Amino acid sequence: MLSGMPAFGAPGDHDLDSWKLVGFIRHLPALSQSEEVEMEKMNPKSPQEMQEEQNEENFLQGTPPPSHHH
């Protein structure tokens, strides 16, 4: 059959991963709040976000903030 799209790899090559991705994408519209929160935890963080988290953790542990001398 001529579909205009080339075939990549041998049949069965990485099929399971592809179908897992298809299943994940199809599930996205029905994502629960807890699943969304769990996924957000895995997102990469900017240096500013990482610093804010560290500052919050230090505050919660009673560590004084660093003093800034100019």
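1. Lys45 and Glu53 are joined by a salt bridge whose closest N and O atoms lie 3.8 Å apart, where a salt bridge is taken as a side-chain nitrogen of Lys or Arg within 4 Å of a carboxyl oxygen of Asp or Glu. Lys45 counts as partly exposed at 34% relative accessibility, and Glu53 is partly exposed as well, with a relative accessible area of 43%; here buried means under 20% relative accessible area, exposed over 50%, and partly exposed in between, with a 1.4 Å probe and protein chains only.

2. The model is a predicted one, in which local features need pLDDT of at least 70 and side-chain atom pairs count only at pLDDT 80 or more, while totals for chains, interfaces and linings use all residues. Residues are numbered from 1 along each chain as its sequence is written, and side-chain values use heavy atoms, with hydrogens and water left out.

3. A search of the whole structure finds 2 salt bridges, and besides the pair in point 1 there is one between Glu38 and Lys41, with the closest N and O atoms 3.5 Å apart. Both Glu38 and Lys41 belong to helix H2, where they are separated by 3 residues, about one turn of the helix. Glu38 is partly exposed at 41% relative accessibility, whereas Lys41 is exposed, its relative accessible area being 54%.

4. As to secondary structure, the protein has 3 helices and 0 strands, and its elements run α-α-α from the N terminus on. These assignments are DSSP runs numbered from the N terminus, with helices (H or I) requiring at least four residues and strands (E) at least two.

5. On the surface, a nonpolar patch is formed by Leu21, Phe24, Ile25, Leu28, Met39 and Met42, which together have about 560 Å² of accessible area. Patches are made of residues with over 30% relative accessible area and no salt bridge, like charges being joined within 9 Å and nonpolar side chains (Val, Leu, Ile, Met, Phe, Trp, Tyr) within 5 Å. Helix H1 (residues 15–27) contributes the largest share of the patch, 3 residues. Met42, by contrast, is found in the loop between helix H2 (33–41) and helix H3 (47–60), and Met42 is exposed, with a relative accessible area of 64%.

6. For the protein as a whole, 1% of the 70 residues count as buried. The accessible surface comes to about 7000 Å², and 60% of that surface belongs to carbon and sulfur atoms; accessible areas come from the Shrake-Rupley method with a 1.4 Å probe, and for residues only the protein chains shown count as cover.
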